[in-house]
Amino acid sequence: MLRDITIGQYYPADSVIHRLDPRVKLFATLIFIISLFIFRSVWGLFIATVFMFGFIRLSKVPFGYMVKGLKAVVILMLITAMFNLFLTNGKELVSFWIFTITYEGLRNAVMMAIRLIYLILGTSVMTLTTTPNQLTDGLEKSLRPLNKIRVPVHEIAMMMSIALRFIPILVEETDKIMRAQMARGADFEAGGIIKRAKSMIPLLVPLFVSAFRRANDLAMAMEARCYRGGTGRTKMKPLTYVPIDYKAYGIVLGYFAAMIAVRIVL
């Protein structure tokens with residue numbers, strides 16, 4: 001399960017999506033997330049599907065590699081679907097014991113599950129095709145106007161970059177600790193919920209100790225190098241738009257306009 005987490009990982013490939021400016025990918029991801037909660041018809045779902053799978057195909061990232069990231073949110077999807085299925089009023093379809101399944105509940109459950117799946121896949125395209133450094137630079141430059149109202153944009157972007165870098169490191173560290181504890185006789189699967197929770201203590205304690213140690217080492221390294229972010233700091237690779245970035249902006253805006261038109265008409 002831990003190795004199935006793809007958030008924060010970068011998949012190197014030579015594709016059009018990899019070469020896009022990170023600001024374009026951040027904007028496209030934001031528009032895609034907004035559009036997921038706009039459509040309510042089959043046509044809106046069809047347009048979102050074509051848009052998403054088109055970008056996945058252009059990214060040259062194996063689809064199976066992206067699907068692995070869905071395993072980590074299966075429980076969340078099931079809980080969300082169950083709440084929508086049994087707690088939505090409407091035309092009754094099936095009724096048993098204290099539960100009633102309605103047409104509207106079934107429709108909402110399916111739509112919400114699809115939205116969550118598309119949400120994970122859509123954001124995975126951005127993280128898998130963009131390095132943490134590029135994401136930091138793109139986010140910082142996109143939010144630069146907020147500096148005028150004294151928002152620490154550089155610090156926020158740096159924290160997000162460090163968090164993304166730490167995700168695969170902590171996942172790998174967790175896997176190593178679990179294997180070491182299992183070799184000593186630990187069992188993380190046996191028993192009920194309370195017993196499983198107690199069995200996680202030998203895993204969480206060394207994991208937190210390791211995480212704090214890594215964070216302290218990173219802070220000391222940045223301080224030893226006299227790191228000072230913000231105003232006056234230059235970039236080794238400054239971000240500049242090229243013609244393909246403007247075309248990508250046009251495609252994203254066209255997609256969003258189509259989604260709004262479908263929402264209004266249908």
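Buried means under 20% relative accessible area, exposed over 50%, and partly exposed the range in between, with a 1.4 Å probe and protein chains only. The legends below describe a predicted model, in which local features need pLDDT of at least 70, side-chain atom pairs count only at pLDDT 80 or more, and totals for chains, interfaces and linings use all residues. Residues are numbered from 1 along each chain as its sequence is written, and side-chain values use heavy atoms, with hydrogens and water left out.

**Figure 1. Overall view of the chain.** Eleven helices and two strands make up the secondary structure; helices (H or I, at least four residues) and strands (E, at least two) are DSSP runs, numbered from the N terminus. Along the sequence, the order of elements is α-α-α-α-α-β-β-α-α-α-α-α-α. A box of roughly 65 × 60 × 40 Å, taken along the principal axes, holds the C-alpha atoms. Of the 266 residues in the chain, 35% are buried. A contact is defined by heavy atoms within 4.5 Å. Among contacts in the chain with a separation of 6 or more, 74% come from residues 24 or more positions apart.

**Figure 2. Surface and charge.** The accessible surface of the chain is about 16800 Å², and carbon and sulfur atoms contribute 68% of this area. Accessible areas come from the Shrake-Rupley method with a 1.4 Å probe; for residues, only the protein chains shown count as cover. The chain carries 32 positive and 16 negative side chains, and the centres of the two sets are 4 Å apart. Lys and Arg count as positive and Asp and Glu as negative, whereas His and the chain ends are not counted. Each charge is placed at NZ of Lys, CZ of Arg, CG of Asp or CD of Glu.

Figure 3. Rings of Phe, Tyr and Trp (its six-membered ring) pair if their centres lie within 6.5 Å, with planes under 30 degrees apart counted as stacked, over 60 as edge-to-face and the rest as tilted. Under this rule there are eleven aromatic pairs. In one of them, the ring centres of F27 and Y249 are 5.4 Å apart and the planes stand at 65°, so the pair is edge-to-face. Because F27 belongs to helix α2 (residues 22–36) and Y249 to helix α11 (residues 243–265), the pair ties together parts that are 222 residues apart in sequence. F27 is partly exposed, at 27% relative accessible area, while Y249 is buried, at 18% relative accessibility. Ring pairs join F27, Y241, Y246 and Y249 into a cluster. R23 lies over the face of Y241, 4.0 Å from the ring centre; a charge sits over a ring if NZ of Lys or CZ of Arg is within 6 Å of the ring centre and within 35 degrees of the ring normal.

**Figure 4. Helix α7 and its cover.** Within helix α7 (residues 132–142), the buried residues are P132, L135, T136, G138, L139 and E140. An α-helix has 3.6 residues a turn, so residues three or four places apart point the same way. The elements that cover the buried residues of α7 include α2, α6 (103–129) and α8 (153–183).

**Figure 5. Loop residues with positive phi.** K60, which is not a glycine, has a positive phi of about 65°. The loop between α3 (42–59) and α4 (63–67) contains K60, and K60 is exposed, at 53% relative accessibility. R150, also a residue other than glycine, has a positive phi near 65°. R150 is placed in the loop between α7 and α8 and is exposed, at 79% relative accessibility.

Figure 6. F55, in helix α3, is buried with a relative accessible area of 18%. E92 is part of strand β1 (residues 92–96) and is exposed, with a relative accessible area of 52%. When residues up to four places away in sequence are not counted, E92 touches T100, I101 and T102. E92 and G105 are 13 residues apart in sequence, and their C-alpha atoms are 9.2 Å apart.
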